[in-house]
Amino acid sequence: MPEVHQGYMERALALASRGRGRTSPNPMVGAVLVRNHTIIGEGFHAALGNDHAEVVALKAAGGSAPGATCYVTLEPCAHYGRTPPCADALIQAGVAKVVAATYDPNPAVAGRGVQRLRDAGILVEVGLLEEEAVRLNEAYFKYTRTGEPLVILKAAMSLDGKLATRTGDSQWITGEQARRRVHELRNVVDAVVVGIGTVLRDDPMLTTRLDGQEGRDPLRVIVDSRGRLPLTARLLRSGSRPVLVATSPRISRARLRTLEEHGAEVAVLPPGEGGVSLPDLLRELGRREITSVMIEGGGRLTTSALEVGIVDKLMLMLAPVLIGGNRAPMLLQGEGVEKLADALRVRHLTVERIGDDCVLEGYLSDPASPWAP
């Protein structure tokens with residue numbers, strides 16, 4: 001029976017993941033209703049403003065919900081937000097038991113949903129596959145706790161750590177399958193960030209392009225302390241979302257107005273590493289309800305991001321090539337640490353083979369550590 005019990009939660013987690021990239025700033029949630037060892041209804045939160053997972057599952061179950069057990073990946077909400085409380089819906093449906101993977105860190109919920117269910121006489125268990133459930137919603141957990149987005153630093157490089165050759169040639173270091181992975185990530189993160197150097201060198205669009213699939217463009221953020229973004233840049237003529245230029249007081253008022261007239265949004269932030277304060281940029285993005293960010297910049301931006309400590313997660317794509325050259329740009333610039341004890345340590349490291357390339361993922365900070373009220 002315990003394996004079956006866990007299997008229902010695994011099904012709920014699989015359902016929840018189908019909402020990836022579509023529910024922000026809300027979490028991904030899946031729910032499975034079981035009665036007499038049979039699934040009678042299931043669902044997931046498909047998009048912001050749509051029915052929550054528990055309500056979808058209850059509708060699928062029809063009149064069969066009384067006496068059922070609901071397996072849900074996150075504590076049912078107990079407050080009115082964009083939709084009514086899911087805890088109330090479970091109570092009214094006559095569910096006998098709720099098994100939640102983890103508590104919701106949102107202060108508006110934070111144990112209140114569980115307590116409301118228990119006050120109504122419903123048995124509640126919390127903690128089944130908690131680590132998997134929190135990891136699934138790591139961006140939501142960080143954003144809810146701090147008001148700032150989860151930051152993923154992505155870089156494609158050679159085995160010797162080069163981002164390009166000494167002449168700036170970088171297309172393409174990695175193969176087609178690895179590049180598709182980048183577009184899959186753009187499809188689910190809320191924003192991508194690059195430095196103005198990348199824009200001037202490559203003129204990227206930073207849109208999501210998935211052959212045969214409908215993609216979603218992230219907010220495209222350009223760190224540009226002096227407002228050098230060319231008015232002819234493809235960024236300004238592509239994508240379904242606007243471009244945000246993160247700049248500093250060094251920008252002239254005339255240039256600011258010109259960028260806005262050409263469709264860009266402009267955020268004037270305090271100066272800092274890389275020309276613009278990256279911690280202030282994170283706070284600005286948080287105010288815009290951006291819960292996840294992928295940094296795709298070159299060596300200067302990635303070095304600044306690591307030096308100021310804003311990176312949560314690394315995704316390094318390694319191609320089986322050696323470039324060499326003292327003048328070829330590298331992932332990390334500057335002088336580096338003096339002692340090995342001061343080196344940044346990557347935790348929870350995983351390695352995946354994609355075509356001829358390898359993808360290394362790991363964490364510098366852990367926004368998905370277990371949490372309870």
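1. A charge sits over a ring if NZ of Lys or CZ of Arg is within 6 Å of the ring centre and within 35 degrees of the ring normal. Here is a case to look up: the charged end of R135 sits over the ring of Y363, 4.5 Å from the ring centre.

2. A word on the ground rules. This is a predicted model, where local features need pLDDT of at least 70 and side-chain atom pairs count only at pLDDT 80 or more, while totals for chains, interfaces and linings use all residues. Residues are numbered from 1 along each chain as its sequence is written, and side-chain values use heavy atoms, with hydrogens and water left out.

3. Let us turn to the aromatic rings. Rings of Phe, Tyr and Trp (its six-membered ring) pair if their centres lie within 6.5 Å; planes under 30 degrees apart count as stacked, over 60 as edge-to-face and the rest as tilted. The count by this rule is two aromatic pairs. One of them is tilted and joins Y8 with Y71, at 5.1 Å centre to centre and 45° between the planes. Y8 belongs to helix 1 (residues 2-16) and Y71 to strand 3 (residues 69-72), so this pair ties together parts 63 residues apart in sequence. Helices (H or I, at least four residues) and strands (E, at least two) are DSSP runs, numbered from the N terminus.

4. How covered are these rings? Buried means under 20% relative accessible area, exposed over 50%, and partly exposed in between (1.4 Å probe, protein chains only). Y8 is buried at 11% relative accessibility, and Y71 is buried at 7%. Y140 and F141 make an edge-to-face pair, with 6.1 Å centre to centre and 80° between the planes. Y140 is buried at 7%, and F141 is buried at 0%.

5. Next come the charges. A salt bridge is a side-chain nitrogen of Lys or Arg within 4 Å of a carboxyl oxygen of Asp or Glu. Searching the whole structure gives 21 salt bridges. Among them is R11 with E42, whose closest N and O atoms are 2.6 Å apart. Since R11 lies in helix 1 and E42 in strand 2 (residues 38-44), the pair ties together parts that are 31 residues apart in sequence. R11 is partly exposed at 33%, as is E42 at 28%.

6. Which salt bridge partner does R186 have? The side chain of R186 meets that of E296, with 2.9 Å from N to O. This pair links distant parts of the chain, 110 residues apart: R186 is in helix 7 (residues 176-186), and E296 is in the loop between strand 11 (292-295) and helix 11 (299-307). R186 is buried at 8%, and E296 is buried at 11%. Elsewhere, salt bridges with shared partners join R135, E138, K313 and E361 into one network.

7. Finally, the cysteines. A disulfide is a covalent bond between the sulfur atoms of two cysteines. With a disulfide taken as a pair of cysteine sulfur atoms within 2.5 Å, the count comes to zero disulfides. C70 is in no disulfide, and the nearest cysteine sulfur, that of C86, is 9.1 Å away. C70 is buried at 1%, and C86 is buried at 1%.
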